[in-house]
Amino acid sequence: MTTPTVLGRWADSLARHGARCAIKSGPREVSYGELAGRAAGYRAAFEGAGRPADPVLIATADPVEVIAAVLGCAAAGRTFAPVDPRLPAAVLDGVLAALRPGTVVADAVGREALAGRRLPDGAGIVHPETLEPRAWSAEDRPGAAPEDGGYVYFTSGTTGRPKGIRGSLEAVHHFVDWEIAEFGIGEGTTVSQLTSPGFDAFLRDAFAPLCAGGTVCVRPDDGTPVGEGLARWLTENEVEVLHCVPTLFRTLRSAALTPDSFPALRAVLLAGEQLHPSDVAWWRGLFGGDKELVNLYGPSETTMTKLFHRTTEDDAHARLVPVGRPLPGVAARVLTGPGDPQDALGEVELEVPFPLLGYLGEDEWRGTATTYRTGDLGRFRPDGTLELFGRRDQQVKVHGVRIDLGEVENALRGHPGVEDVCAAAVTEDVSTALVAYVVAPDVPDAELRAHAAQLLAPGLVPSVFVRMAAIPRTLNGKVERRSLPRVRLQRAADATRAPQGPAETRIAAIWSEILGLAGINRDDDFTLLGGDSLAIARLMDRVRYEYRVDLPLRAFLQDPTVTGLASAVTDRTARSGS
């Protein structure tokens, strides 16, 4: 038996299941043996490419290659830093400056993104397309097992540059070991992989099944499936354990599910943003307790999940769904003042049984070698479970992406026409949107959005811009957030051309529900109102469900207005004879 590490558990799985499917990507199946050959090929390539003491930047769009490169780095004792190669150029520049990689793994998409970017002197590039597979041996280096080089994942930072969070494979193993045991992941278990490689949850999705002899089922090449597409993907691939953010999970509401849906699915593990009681009520109304719905919580600084809660019928009627109790070896504390009652709100602090490595560079660490102050406000229920009540500072989560509002504000202030700005995460019902309140009288929304997109990762670009004569502030100059107008009221006041006829009226209502906006105009452009790729997918899924027509995406993108979509739907319905 190999050493009990995440790399050791992977090697054990390889020894027992070499011919078994390790990764399923559409019709493509990669066996454990094939994955090991590519991982060994990367390890060998790292020895002759670039500076071996410095981190490896992994910038490739293919999840199979990301996993193989991560395994190669782990076997070589190299620090790895996966990123989404489709990040804006300014963000990639910040990553390169902070990381200073000695080696870069880049496929065609990654090389195109890095073209014109200045790499550190002596950095080598490894091309997945020409990589030669090798024989795998986890312990063929001099000495014993390879060192734990760990990883770096980049997130939003207050200074306007990406913040690198350092972590260890020991920390990954702590989580993976728990999830495998807690949810019965074993030989042949199929686990979803719907996470961008630029988030640390990617490691959770990959290593939990791979360390147990299971199969990683990666998202399709054309993007994350939603709604009916997600339901079909889960069913066709017989996914047993689904990892995703609540926003993606909620798109299944439009999929006309029945109690017989997803016969293979056993558990849905949700993390990254708040889970609502209405989510629990809907899911349990369909499946009762047969398909577990589990709420997970843990910041990237402490490596993925640190608390969990198996939802119950009581959660469907509660005010909040708790994040639950700590994993084995983890301690959670609520930092309150002297004399505060036991159920007082306070900042959540986590203590873990492995070293915390802090941030890359000079960013200040909010904790000790084994503790981290999360910035989240929480309190313990009488039964000992933890509830969360939002952020202590300006960091928020929208669609599972952690956002520092200061970074968003700094980017928008860089536009010469912006006089003042305040960013906020605004929640209406169960939908959350990133909103920018701006004083910019002569700058149209499209120009502000384009400016932000050049400087920020996609998840950090505001969905809605609200025009202000002045940002309300307190006497000491801080934003008076309670005085900011509600987004729905602001949009209603701007309405000038109301939808006409039943088709436009219904389409506008669907837009309002998806985008969280009121006062939709018939000439409004869905993308300019903040409709990202996920929102567009949800919209097309709703149209397919409500009108029973299969409208091509290109037909919508040619005229993404209420009028255009209503016309396209009406025309398609007439031609189909519905």
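Reader: Is tyrosine 32 buried or exposed?

Author: Buried means under 20% relative accessible area, exposed over 50%, and partly exposed in between, with a 1.4 Å probe and protein chains only. Tyrosine 32 has a relative accessible area of 0%, so it is buried. Tryptophan 10 is buried too, also at 0%. This is a predicted model: local features need pLDDT of at least 70, side-chain atom pairs count only at pLDDT 80 or more, and totals for chains, interfaces and linings use all residues. Residues are numbered from 1 along each chain as its sequence is written, and side-chain values use heavy atoms, without hydrogens and water.

Reader: How many aromatic pairs does a search of the whole structure find?

Author: Rings of Phe, Tyr and Trp (its six-membered ring) pair if their centres lie within 6.5 Å; planes under 30 degrees apart are stacked, over 60 edge-to-face, the rest tilted. The search finds 17 pairs. One of them joins tryptophan 10 and tyrosine 32: stacked, 5.7 Å centre to centre, with 20 degrees between the planes. Tryptophan 10 lies in helix α1 (residues 6-17) and tyrosine 32 in helix α2 (residues 32-47), 22 residues apart. Helices here are DSSP runs of H or I, at least four residues, and strands are runs of E, at least two, numbered from the N terminus.

Reader: Which residues do ring pairs link into a cluster?

Author: Phe249, Phe262, Trp282, Trp283 and Phe287.

Reader: In what sense do strands β1 and β2 pair?

Author: Two strands pair if DSSP finds at least two bridges between them. Strands β1 (residues 21-25) and β2 (residues 28-31) are antiparallel, over four bridges. Cysteine 21 stands opposite serine 31 in β2.
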